[in-house]
Amino acid sequence: MASEAHKHPEHEKKALQLRLRKIAGQINAIERMVGEDRDCPEVLTQVVSVRKALKSFAELVIHDHLHHCIEGAHSAKEGQRKLRELLSVLERFVE
């Protein structure tokens with residue numbers, strides 16, 4: 001849930017959005033490949049690419065969260081709360 005004070009630099013948001021558009025394009029390409037009955041190894045190669053792209057995207061979001069949200073917290077208590085939230089999400093991320 002975003003708060004009023006939760007702001008990231010515009011250039012970082014645009015870079016993340018660009019990455020997501022590229023990932024969406026890759027997923028659309030996979031859908032077309034399935035519709036065209038392409039060989040399974042070709043499809044799976046593209047799936048691997050999407051997984052890597054999503055992992056890279058997630059790593060950037062984690063990095064940004066550490067620097068903007070946790071380091072920039074208004075108080076130590078807020079920083080600790082945000083760190084606990086991140087750790088909770090990371091537990092699911094690494095499953």
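## A residue to start from

Setting aside neighbours within four places in sequence, Val-50 is in contact with Ile-23, Gln-26, Ile-27 and Ile-30, where contact means heavy atoms within 4.5 Å. This is a predicted model, in which local features need pLDDT of at least 70, side-chain atom pairs count only at pLDDT 80 or more, and totals for chains, interfaces and linings use all residues. Residues are numbered from 1 along each chain as its sequence is written, and side-chain values use heavy atoms, with hydrogens and water left out.

Val-50 sits in helix 2; helices here are DSSP runs of H or I with at least four residues, numbered from the N terminus. With a relative accessibility of 7%, Val-50 counts as buried (under 20% relative accessible area, using a 1.4 Å probe and protein chains only). Val-50 and Ala-24 are 26 residues apart in sequence, with 8.8 Å between their C-alpha atoms.

## How the two helices meet

Let's look at the helices themselves. The axes of helix 1 (residues 10-35) and helix 2 (residues 40-70) come within 10 Å and cross at roughly 165 degrees; axes are lines fitted to C-alpha atoms over the stretch in contact, and angles run from 0 to 180 degrees between N-to-C directions. Helix 1 is therefore roughly antiparallel to helix 2, a label for angles over 145 degrees.

By class, the contact of helix 1 with helix 2 has 15 nonpolar, five polar and four charged residues.

## Confidence in the model

The protein chain has a mean pLDDT of 89, and 94% of its residues reach 70 or more; pLDDT is the predictor's confidence in each residue, from 0 to 100. Among the chain's elements, helix 1 has the highest mean pLDDT (96) and helix 3 (residues 76-93) the lowest (89).

How values were computed. Angles under 35 degrees count as roughly parallel, over 145 as roughly antiparallel, 65 to 115 as roughly perpendicular and the rest as oblique. Ala, Val, Leu, Ile, Met, Phe, Trp, Tyr, Cys and Pro count as nonpolar, Asp, Glu, Lys and Arg as charged, and the others, Gly among them, as polar. Buried means under 20% relative accessible area, exposed over 50%, partly exposed in between (1.4 Å probe, protein chains only).
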